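Welcome to this short tour.

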Amino acid sequence: VAVVAVVVVVVAVLVVTVVVVAVLVVVVVVAVLLIVVVVAAVLVFVVVVAVVAVVVVVVAVLVVTVVVVAVLVVVVVVAVLLIVVVVAAVLVFVVVVAVV
């Protein structure tokens with residue numbers, strides 16, 4: 001009877017140990033999977049932020065380029081108008097001098 005009791009206790013301890021180890025393995029696997037999911041989410045977030053940053057920089061460069069081109073066009077138009085005014089003034093002066 002004592003031998004049977006010892007065997008039952010040993011078997012029970014072994015079964016409990018196996019169950020506890022199995023639970024610990026499941027917990028560790030779940031923890032590792034959660035870590036992988038969190039790392040993947042962080043990487044996706046970083047990639048999205050990087051893409052958004054690149055898009056923002058590209059849009060900013062395009063906007064600055066458009067503004068600079070617009071300013072240059074205005075400067076060229078003003079310069080051409082000034083040249084036209086100066087040429088017209090010179091022609092008027094020449095005509096007036098020629099008439100007088």
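The stops below go from the whole chain to a single residue.

Start with everything selected, and keep in mind that this is a predicted model. Colour by secondary structure: the chain has one helix and zero strands. That helix, α1, runs over residues 2–99.

The chain has an accessible surface of about 8,300 Å², and carbon and sulfur atoms account for 97% of that. How many of the 100 residues count as buried? The share is 0%.

Then select Val47, Val51, Val55, Val59, Val63, Val67, Val71 and Val75. Together these form a nonpolar surface patch with about 650 Å² of accessible area.

Finally, zoom in on Val71, a member of that patch that sits in helix α1. Val71 counts as partly exposed because its relative accessibility is 47%, between the 20% and 50% cut-offs.

Technical notes: Residues numbered from 1 in each chain as written. Predicted model: local features only at pLDDT ≥ 70, side-chain atom pairs only at ≥ 80, totals over all residues. Heavy atoms only, no water. Patch = residues over 30% accessible without salt bridge, like charges linked within 9 Å, V, L, I, M, F, W, Y side chains within 5 Å. Areas by Shrake-Rupley, 256 points an atom, 1.4 Å probe, with all protein chains shown as cover. Salt bridge = Lys/Arg side-chain N within 4 Å of Asp/Glu carboxyl O. Helix = DSSP H or I, 4+ residues; strand = E, 2+ residues; numbered from the N terminus. Buried < 20%, exposed > 50% of the residue type's maximum accessible area, 1.4 Å probe, protein only.
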